[in-house]
Amino acid sequence: MPLDKKQIARQFVDRFGQSPQWIIRAPGRVNLIGEHTDYNDGFVLPLAIDRAVWIAARPRADRSVVVRSIDYAEEASFSLDVPVKGGPGWIEYVKGVAWSLQEAGHELCGWEGVMSGDVPREAGLSSSAALEIATARAFAALGGIAWDPIAMARLAQRAENRWIGVNCGIMDQLISAAGREDHALLIDCRTLEIQPVPFPPGIAVVVLDTATRRGLVDSAYNQRRDQCKSAAEFFRVPALRDVDLELFQRVAADMDETIRRRAMHVITENDRTLQAVEAMRRGDSAALGMLMNKSHASLRDDYEVSSEALNIIVQSALNQVSCYGARMTGAGFGGCAVAVVDRESTDGFARAVAADYQAQTGHTPAIYVCHPSNGAEAISHGWHVPEERRAC
Ligand code: GLA
């Protein structure tokens, strides 16, 4: 059962003895197509999923933030006056977002709350971005700050880059902040323009968690970023977004072999993402599926960020007649794949893929049918609090 607002409110009452003032929800995401393109100023097509990080909170009179993590069975606190880095741990995400919002000039209020989530961790479903956006949403609600999803996603990304030290792009935070029910979002990662794209009728998005977790992902991720930068320098453009296939093919022979393959992925992936949007708009699930399959092959062979477990689960999915297409999703090296499947057949699909994958690898996968959801929301609890009134 997914978490809901009643459960998180009850947790708050158990800990603080009163009702919370705000209930916050920020979703994880799955990326349909457009992988490793966001930091190349390219295009991505993610959807927010119906798994989220929840916070229940009420204001405090002082400048402390006190949070109980239900999932870690731990409580932590810090002062908004002097947020200092305290090493690894979930509270660093909360602190990092507070630092980033304050650095951008926002005046924050102290609060106390409980937090819990059902986004699987380190699976490529952006549990960290969901935590950051939930935190930003809480600070905005309690501090009377108008919610601007794009600006807040940028500040949450800055927290991840500068406080946590992970050099991610903008996709995960932006989809968690701005997701739209029943839609994927085409995001232009240069302009941050967003276009909601409806799903063709009769299809379901299914997440296939390999139950393997990524090792050394940060160093491999940073290495791919550096390689893309070298490729952009080779073409003398600001980012690989500015290179089309025609230019690439004209000069590719002169490139270093590895850099050439990395660039090839990014350039073709941008193109596939825009084609996938067209396919979805004309209701062409088969074309969408084909593009996803090509994306997987490109990530596996040219970008080299897939893994054996991901390749096996993708192949198991493709062996089912009800599957239109499948690919690894997120940064890679483990975690999840995503498949587009005939809606009527999802139960049989999930059973067959689970059995096949388990027989081949010995791992028990987790398989979820996703409902594309809205981005972060703040619900005032018990009594009406105008959104833009400061709690402190
Ligand atoms: C991670 C990063 C994103 C994006 C993907 C790959 O999820 O956080 O910014 O780069 O990998 O598409």
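Reader: Is the crossing of α2 and α4 left-handed or right-handed?

Author: Happy to start there! This is a predicted model, where local features need pLDDT of at least 70, side-chain atom pairs count only at pLDDT 80 or more, and totals for chains, interfaces and linings use all residues. Residues are numbered from 1 along each chain as its sequence is written, and side-chain values use heavy atoms, leaving out hydrogens and water. A crossing is left-handed if the near helix is turned anticlockwise from the far one by less than a right angle, and right-handed if clockwise; for α2 and α4 the crossing is right-handed.

Reader: At what angle do the axes of helix α2 and helix α4 cross?

Author: Helices (H or I, at least four residues) and strands (E, at least two) are DSSP runs, numbered from the N terminus. Axes are lines fitted to C-alpha atoms, for helices over the stretch in contact, and angles run from 0 to 180 degrees between N-to-C directions. The axes of α2 (residues 91-103) and α4 (residues 149-164) come within 8 Å and cross at roughly 120°. Angles under 35 degrees count as roughly parallel, over 145 as roughly antiparallel, 65 to 115 as roughly perpendicular and the rest as oblique, so α2 is oblique to α4.

Reader: Which residues does D172 touch, not counting residues up to four places away in sequence?

Author: D172 sits in helix α5 (residues 171-178). Its relative accessible area is 18%, and buried means under 20%, exposed over 50%, partly exposed in between (1.4 Å probe, protein chains only), so D172 is buried. With contact meaning heavy atoms within 4.5 Å, D172 touches R29, S126 and A129.

Reader: How far away is the cysteine sulfur nearest to that of C168?

Author: A disulfide is a pair of cysteine sulfur atoms within 2.5 Å, and the structure holds zero of them. C168 is in no disulfide, and the nearest cysteine sulfur belongs to C189, at 11 Å.

Reader: Is C228 buried or exposed?

Author: C228 is in no disulfide either, with the sulfur of C189 the nearest cysteine sulfur at 13 Å. The relative accessibility of C228 is 2%, so this residue counts as buried.

Reader: How far apart in space are T346 and V205, C-alpha to C-alpha?

Author: T346 belongs to helix α11 (residues 346-361) and is buried, with a relative accessible area of 11%. Leaving aside neighbours within four places in sequence, T346 is in contact with A204, V206, V341 and V369. T346 and V205 are 141 residues apart in sequence, while their C-alpha distance is 9.2 Å.
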